[in-house]
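Have the model open as you read.

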Amino acid sequence: MFSGKSASFADIARGWTFGREISDLLEAQHTGADRAPISVVLGVAGVGKTTAARMSLSRLAAREVECWEHKSDFAFEPDHWAKVNDELVKRKKTGVLLIDDAHLFLRDLNKLIEILANKPSWALKLILLSSRPHWNPRLKSAELFKNREEYELSRLSVSEINGLLDLLDSSKEIRELIEDTFLGFSRPERLDRLRERCDADMFVCMKNIFGFQGIDTIILEEFASLHTDLQDIYRVVAGMQSIGTKVHRELVRRLTGLEAERVSRVLDDLNGIIEEYTVSDREGIYGWRVRHPLIASILSKYKYSDQDDLYDLFDRVISSINPAYQFEAQSINDMCDLETGITRIVDRQRQNILLRRMISIAPNLRVPRHRLIHNLIILEKFDVAEGEIRIFERELSTDGPILRYKIRLKLGIAKHAPGIQAEDRAALVSEASAMALKCLERYPDDKNMYRVFLDTGVDWFRYTGKSQMFEDAMRAAATAQGRLLDPELRGIISKFLRIGEEMGIQVYG
């Protein structure tokens, strides 16, 4: 709690955690008969998702449930976990697998969930942790929605706050870390302070108890107190971590020139600031990370506030990556994240330079190519985008995003091509709509395909004044929502219903 990290299983065993109601709910779900086999726990960083889930795993293990936690540094292997399910069934046992940052593995998780849903017995239960900005936009199997219970984690309840206060009173080790001003309050005043003044927000409570009133200042003062050589390493590690890079010892050495014989001394000097952990002994990969992602994000915000510095960081990291290692190749995809990755570079032209560098280094990866085509369409460079699509299809074969980009390309040309008449624009939109219908036959569960289909209906009405195409798209989306139960698709439908009302179209009463 003090450093903002998740509790380890050893911390939980020592009693260095306080009860969370979500832990009780997860335990009940995965021991109860006829309950959904998947738990989805959503919440922002610092609210205690991982600790709460590990607490539930500890309790489940004590009840002779087989438990695992997937290490996010490794690829997720759905076929292997499907075999684990079969072994559990054979032994008449139940298992629970915890996947933190589940959005990073959603494609493979979808595959596993569909495999398990089609088996006679589903013995391997899943606990998936993520945040809404990362979870909602990604494509999810219909089987996930049918077989999940969803929880939101944010504020502390009164009973949880009391549990936290009990922990502070009972643990001498933890009490020594508490701010004197907080210790001076009576129990009712402490409860009131956390519940009312901190609005029971988990991270604010932690700051209040441990005195982190100016956490940015504390981190910056800590940075300033270091020797300049250590500052450079701290800055680079925090910067790489914040943009999605899988940071490890050799990558840090490549970027900073750190000599091999100095690694141990540097880690000693940065003890409590940067930690090293084993990714693969066999391959000699040792990961490095700042003690909490939030701290890495705060430090990089200040130390890479200049766009040129940030661009230089991306450029140096991309140049240093060896895609032969899956661990490093994954960094390329992660750096394309729309929340924390390459979109932090404001200039799309500069983004495209970096994306082309990624494609040159790892031509088999799809995500950088997707991002490049997306940017080219937004920049109205339709000829170049069309060329990139052709190359993608020739080298990697077509996928759902590429089909959507082909439709958006048609719509972009219809909207921005100079000197053509409205009937010509309508013809292009009609082609785009036909493409969308055909794509939906191939990808009927792709919520983003329904979004682009609805876009064709809006543009058709814009150029022709006719609403039939929009109405057809809306009915198709509503039918899909009844089957998929995806809240994100429901949000898409609501948005386009409002657009329809603004256009004067009444789709259904």
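A residue counts as buried here when its relative accessible area is under 20%. Keep in mind that this is a predicted model. With that cut-off, seven of the seven residues of strand β4 (residues 124-130) are buried, so β4 is largely enclosed by the rest of the structure.

**Strand β4, face by face**
- In a regular strand, side chains alternate between the two faces of the sheet.
- On β4, Leu124, Leu126, Leu128 and Ser130 point one way.
- Lys125, Ile127 and Leu129 point the other way, and these residues too are buried.

**Who sits beside β4**
- Strand β1 (residues 38-42) runs parallel to β4, and the pairing covers five bridges.
- In that pairing, look for Val41 opposite Leu129 of β4.
- Strand β3 (residues 95-99) also pairs with β4 in the parallel sense, over five bridges.
- Here Val96 stands opposite Lys125 of β4.
- To get from β3 to β4, the chain goes through helix α5 (residues 106-117), making a right-handed β-α-β crossover.

**The cavity**
- How many cavities of 30 Å³ or more are there? The count comes to one.
- The largest cavity has a volume of about 40 Å³.
- Its lining brings together Trp135, Asn136, Lys140, Phe145 and Glu150 with Asp486, Pro487 and Glu488.
- Sorted by class, the lining of the largest cavity has four charged, three nonpolar and one polar residue.

Conventions. Residues are numbered from 1 along each chain as its sequence is written. This is a predicted model: local features need pLDDT of at least 70, side-chain atom pairs count only at pLDDT 80 or more; totals for chains, interfaces and linings use all residues. Side-chain values use heavy atoms; hydrogens and water are left out. On a 1 Å grid over the protein atoms alone, a cavity is a set of points where a 1.4 Å probe fits but cannot get out, and a pocket is an open set with protein on both sides within 12 Å along at least five of seven lines; lining residues have an atom within 4 Å of a point. Grid points are joined across faces, edges and corners, and a volume is the space filled by probe spheres set on the points. Ala, Val, Leu, Ile, Met, Phe, Trp, Tyr, Cys and Pro count as nonpolar, Asp, Glu, Lys and Arg as charged, and the others, Gly among them, as polar. Buried means under 20% relative accessible area, exposed over 50%, partly exposed in between (1.4 Å probe, protein chains only). Helices (H or I, at least four residues) and strands (E, at least two) are DSSP runs, numbered from the N terminus. Two strands pair if DSSP finds at least two bridges between them. A crossover is right-handed if, with the strands pointing away from the viewer, the path from the first strand over the helix to the second runs clockwise.
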